[in-house]
Each structure stands twice: as structure tokens, then as C-alpha cells.
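This briefing sets out selected features of one protein model, grouped by topic. Please consult the sequence and the structure while reading.

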Amino acid sequence: MIVFSVLYPAAAGARFDTAYYKATHIPLVEQAFKSSGLCGVQVLHGLSAGDGGAAPYLAIAHFSFESAAALNASLTGPRAAEVFGDIANFTTIQPVTQISAPL
């Protein structure tokens, strides 16, 4: 399993439409990438930092894929441009991404 994490840093004046993200963007990602190996999605909303301060990220999404090849097939596939193009519809934040595997 490979996990593609997308983190949206908290930033003063940044726009992040949580309702659109949950109702439209995440279902789009699921629909677009399921056939190429997406097998799970977890979306988290930042509440606070570990020390009780402000959360460093507004939202974090973890997308699980069957393999690195499945992730690559999704990110370079025919619907990737549609998924990435939709980002502007819900945020002005430049997301941070990371690819991970279980230890």
C-alpha cells in the first residue's frame, strides 16, 4: 500500500471551502482514481497543534493506493487534469504533498 497525503497549511487570508471540498472535490477524486487503484480516503480537519496552539494545517487528506504504480497511474491518468484543476474551486492554498508507505 502507498499513501498520498495532501496537506493544506493554515495561512492568514487563505481561502478553503470545506463544504465544497467534502461534497464535491473528494467524491471527484474517488470517482476519478478508483479504477486506477485508489482504495481508501481519509480526510481530517485540523483542530489544534500538539501544544494546544493553532493547527498548522486546515485539512489533511490521505489517499491510499494499491501500489506505487496505481498512484502513478492515477496522477498521470486521463482524469488527473480534472482533479488538479478543481483545486482552485475550493482553495487558494498551495498544498504540501507526501508519498508514504507503512513501516
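**Lead points**

Ala-88 is exposed, with a relative accessible area of 53%; exposed means over 50%, buried under 20% and partly exposed in between, with a 1.4 Å probe and protein chains only. The model is predicted, so local features need pLDDT of at least 70 and side-chain atom pairs count only at pLDDT 80 or more, while totals for chains, interfaces and linings use all residues. Residues are numbered from 1 along each chain as its sequence is written, and side-chain values use heavy atoms, with hydrogens and water left out. Helices (H or I, at least four residues) and strands (E, at least two) are DSSP runs, numbered from the N terminus.

**Aromatic pairs**

- The structure holds 7 aromatic pairs; rings of Phe, Tyr and Trp (its six-membered ring) pair if their centres lie within 6.5 Å, and planes under 30 degrees apart count as stacked, over 60 as edge-to-face and the rest as tilted.
- The rings of Tyr-8 and Tyr-21 form an edge-to-face pair, because their planes stand at 80°, with centres 5.7 Å apart.
- This pair links distant parts of the chain, with Tyr-8 in strand β1 (residues 2–9) and Tyr-21 in helix α1 (residues 18–33), 13 residues apart.
- Tyr-8 counts as buried at 2% relative accessibility, and Tyr-21 is buried with a relative accessible area of 1%.
- A cluster joined by ring pairs contains Tyr-8, Phe-16, Tyr-20, Tyr-21 and Phe-90.

- Thr-91 is found in the loop between α3 (80–85) and β4 (96–100).
- With a relative accessible area of 5%, Thr-91 is buried.
- The residues that Thr-91 touches are Tyr-8, Arg-15 and Phe-16, not counting residues up to four places away in sequence; contact means heavy atoms within 4.5 Å.
- At 2.6 Å, the side chain of Thr-91 reaches the backbone oxygen of Arg-15.

**The largest pocket**

- The largest pocket has about 170 Å³ of space, where a volume is the space filled by probe spheres set on grid points joined across faces, edges and corners.
- Of the 14 residues that line the largest pocket, the closest to its centre are Phe-4, Val-6, Phe-63, Val-83 and Phe-84.
- On a 1 Å grid over the protein atoms alone, a pocket is an open set of points where a 1.4 Å probe fits, with protein on both sides within 12 Å along at least five of seven lines, and lining residues have an atom within 4 Å of a point.
- At least two residues of this lining come from each of β1, α1, β3 (57–65) and α3.
- The lining of the largest pocket has 12 nonpolar, 2 polar and no charged residues; Ala, Val, Leu, Ile, Met, Phe, Trp, Tyr, Cys and Pro count as nonpolar, Asp, Glu, Lys and Arg as charged, and the others, Gly among them, as polar.

**Further loop positions**

- Ala-88 is placed in the loop between α3 and β4, and its C-alpha atom is separated by 31 Å from that of Pro-102, 14 residues apart along the chain.
- Ser-35 lies in the loop between α1 and β2 (38–45) and counts as exposed at 73% relative accessibility.
- The C-alpha atoms of Ser-35 and Ala-73 are separated by 9.7 Å, with the two residues 38 apart along the chain.
- Ser-48, in the loop between β2 and β3, is partly exposed with a relative accessible area of 42%.
- Not counting residues up to four places away in sequence, Ser-48 touches Gly-53, Ala-54 and Ala-55.
- Arg-79 lies in the loop between α2 (68–75) and α3 and counts as partly exposed at 26% relative accessibility.
- Leu-28, Gln-31, Ala-32 and Phe-33 are touched by Arg-79, not counting residues up to four places away in sequence.

Terms used: A polar contact is a pair of N or O atoms within 3.5 Å; within protein, one must be able to donate a hydrogen and the other to accept it, and residues adjacent in sequence count only if both atoms are side-chain atoms.
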